[in-house]
Amino acid sequence: MSLPLHDALTAAAREAATALSLPIGWEGEVFTPPAGPYLRGRVDYENEQAATCGSGGLTRIDGALELIVAVMSGGGDSEAVALSRRIVGMFPRGLGITCAGGEAVLAAPRAQSPRTDG
């Protein structure tokens with residue numbers, strides 16, 4: 001049985017976190033950050049539109065699966081950069097994630113420069 005789109009995306013992110021032995025917290029869920037590195041995740045839907053004609057037509061939903069690597073301040077950016085690169089490698093362009101009613105196909109992953117959040 002296939003999961004709904006949101007659940008399939010969060011499951012893929014949780015699998016990546018498990019493979020890296022990192023805890024993951026989700027936007028809107030209670031999460032106490034650990035002292036070590038962890039991930040923060042969210043799924044953001046930006047646009048929904050008909051992709052094909054007809055009553056049983058497909059729907060295209062644009063959006064993003066966002067995973068933020070969080071590390072303790074003062075440890076340098078190298079740990080965050082290394083973890084980010086590993087995560088990007090787990091979600092290559094064109095990766096298909098099966099969900100109820102279709103498939104989520106990932107566009108090119110983007111790794112942003114490290115920044116502090118105070």
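Which are the buried residues of H2? They are Ala-80, Leu-83 and Ile-87, where buried means under 20% relative accessible area, exposed over 50% and partly exposed in between (1.4 Å probe, protein chains only). This is a predicted model, in which local features need pLDDT of at least 70 and side-chain atom pairs count only at pLDDT 80 or more, while totals for chains, interfaces and linings use all residues. Residues are numbered from 1 along each chain as its sequence is written, and side-chain values use heavy atoms, with hydrogens and water left out.

**Helix H2**
- H2 covers residues 78-90; helices (H or I, at least four residues) and strands (E, at least two) are DSSP runs, numbered from the N terminus.
- Its 13 residues reach 19 Å from the first C-alpha to the last, close to the 18 Å expected at 1.5 Å a residue (the expected span is 1.5 Å times one less than the number of residues).
- Ala-80, Leu-83 and Ile-87 are the buried residues of H2.
- They cover an arc of only 70° around the axis, so they sit on the same side of H2; the arc is that of the directions from the helix axis to the C-beta atoms.
- Ser-78, Arg-85 and Gly-89 are exposed on the other side of H2.

**Thr-10 in helix H1**
- Thr-10 belongs to helix H1 (residues 5-19) and is buried, at 10% relative accessibility.
- Its side chain reaches the backbone oxygen of Asp-7 at 3.0 Å.
- Setting aside neighbours within four places in sequence, Thr-10 is in contact with Trp-26 and Val-43 (contact means heavy atoms within 4.5 Å).

**Strands S4 and S5**
- S4 and S5 (residues 102-105) run antiparallel, joined by 4 bridges; two strands pair if DSSP finds at least two bridges between them.
- Ile-97 stands opposite Ala-104 in S5.
- The hairpin of S4 and S5 has 2 residues between the strands, and Gly-101 takes a positive phi near 85° there.

**After S5**
- Gln-112 lies in the segment after S5 and is exposed, at 63% relative accessibility.
- The C-alpha atoms of Gln-112 and Ile-68 are separated by 9.5 Å, although these residues are 44 residues apart along the chain.

How values were computed:
Polar contact = N/O pair within 3.5 Å; in protein donor to acceptor, adjacent residues only side chain to side chain.
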